[in-house]
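Here's a quick walk through one chain, written for someone who likes to check things against the coordinates. Open it in your viewer and follow along.

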Amino acid sequence: DRSPAEKRKPPNIVVYLIDTLRPDHLGCYGYGRKVSPCIDEFAREAVLFEQVQAQSCWTKTAVASLFTSLLPPQHGAFDFGDRLPAKLTTLAEQLRSHGYRTQGWTANVYVSDTFGFEQGFDHYQCLGGAGSHQIHEKVVAWLNRSSQKDSPFFLYIHSMDPHAPYDPPAAFRSV
């Protein structure tokens, strides 16, 4: 049981985006092979969306829609050189205005600060091409040293491990 104060505290929000990962190959979505035990365990305790549709097949445009809740023609982040317009309000900006600490790490250079995706984040870092283990080290270090544990946080993590060229660790090559 949680105390009344704990019940009033806004929840922490984590968006963990795995670039090019197919849900039909995850146990939490019914895939029969045991290839995603950690994700499946996390999904048992998290909110699992069963019907989701990306606004674009390209990461930059899809994440711009995720961050702004706008359709691609409204936010305009289509091409390689397009920036997320500063005049738009992002999810991180909204949450920060409500007392959330906002942190983000991405391995995808197309959703980096170069293209305006840092809007509203207290800290946003692109680790271009880094593996998820490298991103996790940064996230865990931040969680361990965070001095404002009483305020909620919004955490955006964007890994690319399944993305081509796919090079899984040896232990997963025969699964």
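**The whole chain**

First off, this is a predicted model. The chain has six helices and four strands, and reading from the N terminus they come in the order α-β-α-α-α-α-β-β-α-β. The radius of gyration is 17 Å, close to the 16 Å that the globule rule gives for 175 residues, so the chain is as compact as a globular protein of that length. Along the principal axes, the C-alpha atoms fill a box of roughly 50 × 45 × 30 Å.

As for burial, 33% of the 175 residues count as buried. If you take the contacts with a separation of 6 or more, 57% of them are between residues 24 or more positions apart.

**Strand β4**

How many of the seven residues of β4 are buried? Seven of the seven are, so the strand is largely enclosed by the rest of the structure. In a regular strand the side chains alternate between the two faces of the sheet. Here both faces are covered: Phe153, Leu155, Ile157 and Ser159 are buried on one side, and Phe154, Tyr156 and His158 are buried on the other.

With β1 it pairs in the parallel sense over six bridges, and Val14 stands opposite Leu155. β2 and β4 also run parallel, joined by six bridges, and there Arg101 has Phe153 as its bridge partner.

**Helix α6**

Helix α6 covers residues 132-145, which makes 14 residues. From first C-alpha to last it reaches 20 Å, close to the 20 Å expected at 1.5 Å a residue. Its buried residues are Ser132, Ile135, Val139 and Trp142. They cover an arc of only 90° around the axis, which puts them on the same side of α6. What do these buried residues pack against? The answer is β1 (13-18), β2 (101-106) and β4 (153-159). Turn to the other side of the helix and you'll find His133, Glu137, Asn144 and Arg145 exposed.

**Loop residues worth a click**

Most residues other than glycine have a negative phi, and most peptide bonds are trans. Thr20 is in the loop between β1 and α2, while Ser69 is in the loop between α3 (59-68) and α4 (72-75).

Gly27 is in the loop between β1 and α2 (37-45). Leaving out residues up to four places away in sequence, Gly27 touches Ser36 and Asp40. Its C-alpha atom is 7.4 Å from that of Pro37, ten residues apart along the chain.

Here is how accessible these loop residues are:

| Residue | Relative accessibility | Class |
|---|---|---|
| Gly27 | 25% | partly exposed |
| Thr20 | 45% | partly exposed |
| Ser69 | 67% | exposed |

The class names follow from the cut-offs: buried is under 20% and exposed is over 50%, so the 45% of Thr20 leaves it partly exposed, and the 67% of Ser69 makes it exposed.

Methods: Residues are numbered from 1 along each chain as its sequence is written. This is a predicted model: local features need pLDDT of at least 70, side-chain atom pairs count only at pLDDT 80 or more; totals for chains, interfaces and linings use all residues. Side-chain values use heavy atoms; hydrogens and water are left out. Helices (H or I, at least four residues) and strands (E, at least two) are DSSP runs, numbered from the N terminus. The expected span of a helix is 1.5 Å times one less than its number of residues. Buried means under 20% relative accessible area, exposed over 50%, partly exposed in between (1.4 Å probe, protein chains only). The arc is that of the directions from the helix axis to the C-beta atoms. Contact means heavy atoms within 4.5 Å. Two strands pair if DSSP finds at least two bridges between them. The radius of gyration is taken over C-alpha atoms; the globule rule is 2.2 Å times the number of residues to the power 0.38.
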